[in-house]
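Here is a friendly walk through one model, starting with a chain as a whole and ending with a group of aromatic rings. Please have the sequence and the 3D view open as you read.

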Amino acid sequence: MLSLPTCKQVCEQLSENIDETISGPKKFKLKLHLLMCRLCRRYDHQLQLSVKTINLLEKSYHPNHSVKQRALQQYQTFHEDKHGKKS
Amino acid sequence: MPQSEKLIIEKLLAGDQVIFERIFSQYYSLMYSVARGIAGDAIADEVIQESWLSALKALPRFEQRSSLKSWLMRIVANEAKTRLRKESRTVSLESMQQSWATDPRFDERSHWSNPSSQWHGDTPEDLLSAEELRDCINLNMGKLPENQRVAVQLRDGGGLSMDEICNILQVTPSNLRVLLHRARDKVLQVVDHFQITGEC
């Protein structure tokens, strides 16, 4: 008898599938479960939306002016020191 | 390594400030996420600054076996861990939350008993248009175990490959899959709770 994954296992596999595409019998069983289970289909959609939301959130950090200036200053000093040592 | 990356490295070594500013800005959000994830908000910018100094010193020896981005992130992760050690705070990259084993959303047969609700909003922009939800996700991501938080920030925030993240966090691929799933699932639950209650 074909034993399908539980909803809880499907949730884990859906996350796994984002990173490394599931293949073979595991993929077939996952697809079959999704076909029959609207709640897991909903979870799939929401998981993908959550990943995109994390991506958007994490990209929202920008260096403020003083952080950027400090970094540029550090870069400049680093090169001046390097060339100073060479000459 | 792509030709463009080779050129960037040459320019960085030559002291090209325009290129440095561009690369600094381009990788800042990811570097900030990693530094913050490991060492905390308060010293994240200091960690980035120290990381850049280490990176510039090591750049002539960069063997280009990985991408510049992943090499930089490894340096940030190491600097952040060093800072934590200096400040005698614990680095707990191996901690795992066990709540998944007794998740009340599933019944005894591991099928849904308390599924997520229908969400209003179909895009990340829709979801994040609610300032409270944005703050709530940030707050809850801050509460995740460090290894889950850094894993999801590197993967979903920074788009690093699974191999690169395993290398940075020193975890196996199967451990990384668990870390990612738990972190993503937590964010999903936070959004779901907000959708139902309108509260964090």
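The notes below cover the overall build of chain A and then the aromatic pairs.

This is a predicted model, in which local features need pLDDT of at least 70 and side-chain atom pairs count only at pLDDT 80 or more, while totals for chains, interfaces and linings use all residues. Residues are numbered from 1 along each chain as its sequence is written, chains are lettered from A and ligands numbered from 1 in the order in which they are written, and side-chain values use heavy atoms, with hydrogens and water left out.

**Chain A overall**

Chain A has four helices and zero strands, where helices (H or I, at least four residues) and strands (E, at least two) are DSSP runs numbered from the N terminus. Read from the N terminus, its elements run α-α-α-α. The radius of gyration of chain A is 24 Å, well over the 12 Å that the globule rule gives for 87 residues, so the chain is more spread out than a compact globule. That radius is taken over C-alpha atoms, and the globule rule is 2.2 Å times the number of residues to the power 0.38. Along its principal axes, the C-alpha trace of chain A spans about 80 × 30 × 15 Å.

Of the 87 residues in chain A, 45% are buried; buried means under 20% relative accessible area, exposed over 50%, and partly exposed in between (1.4 Å probe, protein chains only).

**Aromatic pairs**

Rings of Phe, Tyr and Trp (its six-membered ring) pair if their centres lie within 6.5 Å; planes under 30 degrees apart count as stacked, over 60 as edge-to-face and the rest as tilted. By this rule there are ten aromatic pairs over all chains. One of them joins B:F24 and B:Y28, whose ring centres are 5.8 Å apart with planes at 45°, so the pair is tilted. These two residues sit four apart in helix α2 (residues 17–39) of chain B, and are thus separated by about one helical turn.

B:F24 also pairs with B:W52: the centres are 6.3 Å apart and the planes at 40°, so this pair is tilted. B:F24 lies in helix α2 of chain B and B:W52 in helix α3 (residues 41–58) of chain B, so the pair ties together parts that are 28 residues apart in sequence.

| Residue | Relative accessible area |
|---|---|
| B:F24 | 3%, buried |
| B:Y28 | 3%, buried |
| B:W52 | 2%, buried |

Finally, one aromatic cluster is formed by A:Y61, A:Y75, B:F20, B:F24, B:Y28, B:Y32 and B:W52.
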